[in-house]
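Hi everyone, thanks for coming.

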Amino acid sequence: MSLILSKASLYRSLDIVEKALPKESPIQALENVLLESDSNQLTLSTTNLELQVKVSLPYEGDEPVSVLIPAKITDIIRFLPAPEVKLDLNPDNLQIAISSGRAKYNLFGAASSDFPRIEEASPSHGESMTISSSELKDILRTVVFAASTEETRPAFNGVLFEFDAHRWSLISSDTYRLVFKSIFNEAWRFQNNRCLVPAKALRELLKILDQEEEEVTLFPSKDQLIFKFASVYYAARLLNEKYPDISSVIPERHSTRIMVNRKEIKETISRAALLAEGLNNAICLSVSDGSLTVRVSSQIGRMEETVAIEHEGEEIDLYINSRFIMDILKATTTEAVVVDFHGKTGPVIFRLPDDEHYLYLVLPIKMD
Amino acid sequence: MEKQRQAILLADAESFYASVEITHNPSLRGKPVAVCGDPALRHGLVLAASKEAKAYGVKTGQPAWECRRLCPGVIFVRPHMNRYLESALEMTRIFEQFTDRVVPYSIDEHFLDLSGCERLWGTPHEAARRILRQVWDETGIRCRIGLGENPLQAKMACDRFAKKRVDGFFELNSTNYAAHVWSLPIGNLFGVGPRMKDHFNRMAVRTIGDLARLPREIPTRRWGVNGLLLWLNAHGIDYSTLQPGTLAPQKGVGHCATLPRDYASRQEIEAVLLELTEEACFRARTLGKMGTTVHVYCRGADFDHPSGFSRQKKLPEPASAATEVYPVAQQLFRRHWDGRPVRAVGLNLSGLTDRRCYQLSLFNHREITNSLSAAMDEIRERFGPTALFRAASLTSGGQLFTRANMIGGHEK
């Protein structure tokens, strides 16, 4: 097999498959990239058994190819000197010759027999949805950050996807805060289905979705959730954990509602966060007629700042983790945010004025 | 103005447990006495020996049988931990009449800072003599005092010299430190244990002076800050002070229980683990704290083939209730226990944070566990530690009722 590719497109493909490449695996074959060809395309695949990624490249040739290439290939391609890369595979000794400009490599490939087969799943009837990559990215960015990265409660390492008729909703939480987001589309026709998608796979997906506008097809299949876009097949194995019922945690009536300029409050909170310390990064929020006062006092010192707000309902003051507030203010892009309070120990709910189907709920810190 | 010279004293009670027993039973005075757990049981180890017993070679930590072989006429006395705590407090009270800067270092050792007290008590030497006499008159316990310009010199003066002198007093200072200390074997330096001694011996460092004469980079490069610290110790330099905060705030709470016999069944060991969890959580709550990390420790029964483990795990969120801590402790135990009989089990709760300030959680109703714990604490406070207990304590493995009669693993 011999082919010439653009360095940029090959590097981009390798960068994508690298997301599922384990640094170390008990199955040594998995520490490689699988290069395969069928009649008219060449594919690169990796898996860490939780995530499978496959990218296809155009290819004309009739020799079937199947070889494992060392993971180093990504860096090798990245640092090549010329814009074109020539790959030659010797089927007898499985060596891959790479040449580009002055640089020449000869990599030792391996037989692919130990590498698990990746069977591409296709959606069963009425179980898939299509969404633009930019919209998907916006949704995931405002949802995934709330999922836990701690390993102590595995269910919260996942984002719960619920599909129901024309509605897709996402729930993510680390038990201290929670995001609830729904999207409606008349074109979608789901049967009722729930799946718990590892937040880690979604964080990696966010990194590779950044290119030009594409259509993403998304569908569950057995124990996986599959994303297909452009030449990429991205399959995340679902978590087999019980997700708690969240219907009771979102209160119906708020005692205080404020609206505040997002950029302004973001700057204030980031200044306050400089002094917030300890496990909880606690700051104090006080709402009184027409203004929100942010206060911190720690071993280093004190700070206080007041922001103008639109305010209705009772006055309130409570302690809250500044990092949790920064997360939402960074992930969103709206002009203003609406914040609902529910008493001193009730949740604080952030809403976006232009999206009634999004809410971010944070529980305060209790000071006895 | 010339910098005032520091006068730091370390007062150490001679054969403390044994001395306290003798004050309670004067007929023992002048006889070889060993304070020892039940000589019939395996935790019958010598906790303290009077100086008459020590003359026969009896040492702290020896098993009872060995002690009897060395000194056939030895009189075994069972420990009374309550008495020792009382006597220790009494000694602290006496020291506090001389200075308000008293830092207890162990049950029978106290640091006293007498800097600037010359007008009150005379020279530090005179003050030390008064302290020794007053402790003897009021408690019947003989103390020894080391004097130095810093805590290290005081400790070295006491351990290496004052204990061997009839008047029970010795002074080290920056001028005489090298002359007295450098000829001592390296193992006598504060901070050097048997392992460190072997390391030094392999480097041909046999005396404290040998270490002092090395360029400081050599121990520093090899052992980092700890190496530098030992080198400074060899020179009698110690930058620590007896200001409040010298003793770091308590980092963890927990206990280790030596079992009355080797436990081989999971149920029995887990019963003890649960009791230790309850105990550690209770102590955390009394301090107004919650723990963030739980540490489980198991020591295998076979001395010749040391086994066991010591592992820790972060809790999902800070906790001070056994119901939250125990599942993690149990998980650690089940993952790391190799199934061989166990001689001792320990549990520690660390990373203590303020219990009154906590992040509320969506699926964990801490208010309920908190008020339950508070109710349990109140019952135990009023009616004793065995008034309310978990059913596991009634099983064959339970140690609660034995441990309730102990302090620090020894009889009250």
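**Two interfaces**

Let's start with one pair: the side chains of R177(A) and D327(A) form a salt bridge, with N and O 2.8 Å apart. By salt bridge I mean a side-chain nitrogen of Lys or Arg within 4 Å of a carboxyl oxygen of Asp or Glu.

Some housekeeping. This is a predicted model, where local features need pLDDT of at least 70 and side-chain atom pairs count only at pLDDT 80 or more, while totals for chains, interfaces and linings use all residues. Residues are numbered from 1 along each chain as its sequence is written, chains are lettered from A and ligands numbered from 1 in the order in which they are written, and side-chain values use heavy atoms, leaving out hydrogens and water.

Now, the domains. The assignment for chain A gives domain 1 (2–108), domain 2 (129–237) and domain 3 (252–362); such bounds come from an automatic or database assignment. Between domain 2 of chain A and domain 3 of chain A there are two salt bridges. On the domain 2 side, β13 (177–184) of chain A and α3 (133–143) of chain A each supply at least two residues, and β13(A) has the largest share, seven residues. Those names are DSSP runs numbered from the N terminus: helices are H or I with at least four residues, strands are E with at least two.

How much area is buried between these two domains of chain A? It's about 1100 Å², with carbon and sulfur atoms giving 60%. Buried area is the accessible area (1.4 Å probe) that two parts lose on being put together, summed over both.

On to the chains. Here, 16 residues of chain B are in contact with 25 residues of chain A, contact being heavy atoms within 4.5 Å. Chain B and chain A bury about 1800 Å² between them, 61% of it from carbon and sulfur atoms. In chain B, Q359(B), L362(B) and F363(B) lose the most area to chain A, together 39% of what that side buries.

The count between chain B and chain A is three salt bridges. K366(A) makes a salt bridge with E367(B), where the closest N and O atoms are 3.9 Å apart.

Finally, which way do the strands run where β27 (residues 365–367) of chain A joins β14(B)? They run antiparallel, joined by three bridges; two strands pair if DSSP finds at least two bridges between them. I365(A) has Q359(B) as its bridge partner in β14(B).
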